[in-house]
Amino acid sequence: MILVKDAFMIDPRTGREGRQDILTEKGRICRIGSAAEWESIMRGFRVETYDARGLVAAPGLIDVHVHFRDPGFTYKEDIESGSRAAAKGGFTTVVLMANTKPAVDNEETLSYVLEKGKKTGIHVESCCAITKGLRGKELTDMRKLLEAGAAGFTDDGIALLEEAVALEAMEEAAALGAVLSFHEEDPSFILEHGIHAGRAAAYFGIGGARREAEICMTERDIRLADRTGATVNIQHISTKEAVDMVRKAKKKGIRIHAEASPHHFTLTEEAAMQYGSLAKMNPPLREETDRLAIIEGLRDGTIDLIATDHAPHSTEEKARPLTEAPSGIIGLETALSLGIMSLVEPGYLTMTELLRKLTWNPAVLYGFDRGYLAEGGPADITVFDPQETYTADSFASKSCNSPFRGTKLTGKVKCTICGGRIVYRESR
């Protein structure tokens with residue numbers, strides 16, 4: 001048994017808040033209330049008590065968009081190191097992307113990922129590719145892959161350009177009740193990836209990535225989702241125009257979801273000019289009006305998910321010339337802090353609203369029995385201090401490619417419990 005003692009508990013599913021003790025047993029929460037009333041229950045058991053006075057206890061965070069680079073690129077990250085980074089950041093569930101080598105487009109590779117994930121201490125789920133080899137031509141066998149444990153489907157990292165293939169994928173996914181996630185960047189509008197075609201591109205003397213790359217693909221996929229009834233998630237949304245299209249689609253009842261990455265609601269293209277390749281990602285950091293539109297989308301519910309797009313790369317890769325360096329930054333260990341600093345402290349979201357986008361909403365999208373705190377519910381709990389400041393100078397990830405490295409952040413994870421086991425505890 002684990003007793004989380006005297007925490008300020010927040011359950012984003014119900015909005016319930018208040019000081020509570022939380023008792024776990026056999027991977028579930030067995031009591032919420034006052035530990036003084038449970039002495040008879042705890043008698044005879046070895047109870048590990050975690051003193052959470054002054055701390056918040058929330059459901060374990062859920063990230064529906066991460067890259068652990070395993071198989072194929074394990075010098076950047078692997079399932080074990082990525083899971084440690086997740087636990088340190090308060091995440092108890094992650095959904096891996098399929099763009100590994102080989103791609104997760106078959107039952108054998110999916111089994112490898114899921115079996116390795118079972119040994120980590122957190123819940124490691126995985127999407128499979130929409131198309132074989134991520135080539136955008138022929139669909140994978142979605143039915144068989146769902147039966148084998150796929151959480152959903154995505155060709156993330158590559159836009160699905162052929163409309164006929166996207167339509168076929170949505171029709172199949174709608175029939176199976178599967179979730180599709182789309183990387184919305186049309187390469188015909190991109191001269192160089194990862195840098196916005198605005199002030200940043202001009203600063204570096206390159207063409208960059210135009211906002212139309214996201215706008216046109218988002219428009220198409222909303223239109224196809226309306227036609228097919230498919231459940232579609234727009235990944236790492238970055239433009240004000242795409243946010244507005246999602247807002248209008250939701251008002252029409254189209255089954256569209258959208259995720260915002262912490263870097264897109266925290267930074268603008270100015271960061272790319274300051275940090276170079278450490279702030280290079282796809283889609284790129286854009287303008288202040290885009291950042292504010294993303295925040296407004298989070299505030300009004302247009303954007304229902306916060307997902308890190310955790311994308312580790314080696315120091316050597318990021319040290320290449322800007323146009324040759326890979327895109328992407330790590331995010332699991334800084335996401336909660338950035339949400340607190342950029343969304344809660346300025347008053348855009350309450351803490352409960354922030355946590356809902358990091359727990360309950362992603363759980364609902366994928367049908368996970370997680371993301372809430374209740375008696376009988378899963379013992380996945382994140383304990384954090386929303387006011388403690390710290391410097392992001394060490395990471396559990398194999399990689400450290402982040403513009404937030406060395407930055408003072410607010411909101412520190414102190415303990416992460418998954419399945420009734422402590423998988424991360426801050427060293428004292």
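Which residues does D304 touch, not counting residues up to four places away in sequence? D304 touches K250, H257, A258, K357 and N361, where contact denotes heavy atoms within 4.5 Å. The structure is a predicted model, in which local features need pLDDT of at least 70 and side-chain atom pairs count only at pLDDT 80 or more, while totals for chains, interfaces and linings use all residues. Residues are numbered from 1 along each chain as its sequence is written, and side-chain values use heavy atoms, with hydrogens and water left out.

D304 is placed in the loop between α11 (288-300) and β13 (305-306). Helices (H or I, at least four residues) and strands (E, at least two) are DSSP runs, numbered from the N terminus. The relative accessibility of D304 is 10%, and the residue counts as buried; buried means under 20% relative accessible area, exposed over 50%, and partly exposed in between (1.4 Å probe, protein chains only). The side chain of D304 makes a polar contact of 2.7 Å with the side chain of H257. A polar contact is a pair of N or O atoms within 3.5 Å; within protein, one must be able to donate a hydrogen and the other to accept it, and residues adjacent in sequence count only if both atoms are side-chain atoms.

**Salt bridges**

The structure holds 32 salt bridges, each defined as a side-chain nitrogen of Lys or Arg within 4 Å of a carboxyl oxygen of Asp or Glu. Three of them are listed below.

| Pair | N to O distance | Relative accessibility |
|---|---|---|
| K76 and E317 | 2.9 Å | K76 6%, E317 7% |
| E333 and K88 | 3.6 Å | E333 13%, K88 24% |
| E296 and R299 | 2.6 Å | E296 31%, R299 44% |

In the salt bridge of K76 with E317, K76 lies in the loop between β6 and α2 (79-88) and E317 in helix α12 (residues 315-318), so the pair ties together parts that are 241 residues apart in sequence. K76 counts as buried, and E317 is also buried.

The salt bridge between E333 and K88 ties together parts that are 245 residues apart in sequence, because E333 lies in the loop between α12 and α13 (335-344) and K88 in helix α2. E333 is buried, whereas K88 is partly exposed.

E296 and R299 both lie in helix α11, three residues apart, about one turn of the helix. Salt bridges that share partners also join R211, E241, E287 and D290 into one network.

**The parallel sheet**

Three strands form an open sheet in the order β6-β7-β8, with parallel pairing. Two strands pair if DSSP finds at least two bridges between them. The edge strands, β6 (61-66) and β8 (123-126), each pair on one side only. Neighbouring strands of this sheet are turned by 20° against each other on average, direction ignored. Axes are lines fitted to C-alpha atoms, for helices over the stretch in contact, and angles run from 0 to 180 degrees between N-to-C directions.

Four bridges join β6 to the parallel strand β7 (residues 91-96); V94 in β7 is the bridge partner of D63. Helix α3 (residues 107-117) packs on the sheet and touches β7 and β8, its direction making about 170° with that of β8.

**Cysteines**

A search of the whole structure finds zero disulfides, a disulfide being a pair of cysteine sulfur atoms within 2.5 Å. The sulfur of C30 is 16 Å from the closest cysteine sulfur, in C415, and is therefore too far for a bond. The sulfur of C418 is likewise too far for a bond, because its closest cysteine sulfur, in C415, is 12 Å away. C30 is buried, with a relative accessible area of 16%, and C418 counts as buried at 4% relative accessibility.
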